[in-house]
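Here are a few notes to read alongside the structure. Have it open and look for each spot as you go.

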Amino acid sequence: RIARIVKPVYPPLALQARIGGIVVLRVLVSEQGAPIQVEVTREGRAGLTDAAVRAVKQWTFTPAAKNGVAVRTWLTVPIPFEP
């Protein structure tokens with residue numbers, strides 16, 4: 001689960017051109033709830049992908065647990081951009 005979200009900064013040129021879309025990221029969350037690896041599974045145009053990755057790297061998560069012990073896990077995170 002996501003514990004703290006940092007909203008992405010909409011790239012000014014993309015906003016001005018009214019470019020939107022959904023960037024989909026795959027995030028490896030550590031046992032402490034930090035994003036330790038971010039992979040792009042669906043890119044956006046005009047800088048949206050970079051903005052999404054920068055934002056998600058600042059998020060914190062509630063780590064997954066297996067048998068009561070925190071474990072690393074992958075999450076898929078869609079980041080919508082609507083001008």
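The points below go from the sheet to the aromatic rings.

1. First, a reminder: this is a predicted model. Start with the open sheet, where three strands run in the order E3-E2-E7 and pair antiparallel. Strand E3 (35-42) and strand E7 (73-81) are the edge strands, each pairing on one side only. On average, neighbouring strands here are turned by 30° against each other, direction ignored.

2. Now zoom in on strand E2 (residues 21-29), which pairs with E7 in the antiparallel sense over nine bridges. Which residue in E7 is the bridge partner of leucine 25? That's valine 77.

3. Helix H2 (residues 48-56) packs on this sheet and touches E2, E3 and E7. The direction of H2 makes about 35° with that of E2.

4. On to the rings: searching the whole structure turns up two aromatic pairs. In one of them, tyrosine 10 and phenylalanine 81 have ring centres 5.3 Å apart and planes at 90°; planes over 60 degrees apart count as edge-to-face, so this pair gets that label. The two residues are 71 residues apart in the chain, with tyrosine 10 in the loop between strand E1 (2-4) and helix H1 (12-16) and phenylalanine 81 in strand E7.

5. Are these two buried or exposed? Buried means under 20% relative accessible area, so tyrosine 10 counts as buried at 18%, and phenylalanine 81 does too at 4%.

6. Tryptophan 59 and phenylalanine 61 make a tilted pair, 6.0 Å centre to centre with 45° between the planes. Both residues are buried.

Notes: Residues numbered from 1 in each chain as written. Predicted model: local features only at pLDDT ≥ 70, side-chain atom pairs only at ≥ 80, totals over all residues. Heavy atoms only, no water. Pairing = 2+ DSSP bridges. Helix = DSSP H or I, 4+ residues; strand = E, 2+ residues; numbered from the N terminus. Axes fitted to C-alpha atoms, helices over the stretch in contact; angles between N-to-C directions. Contact = heavy atoms within 4.5 Å. Phe/Tyr/Trp six-rings, centres within 6.5 Å; stacked < 30°, edge-to-face > 60°. Buried < 20%, exposed > 50% of the residue type's maximum accessible area, 1.4 Å probe, protein only.
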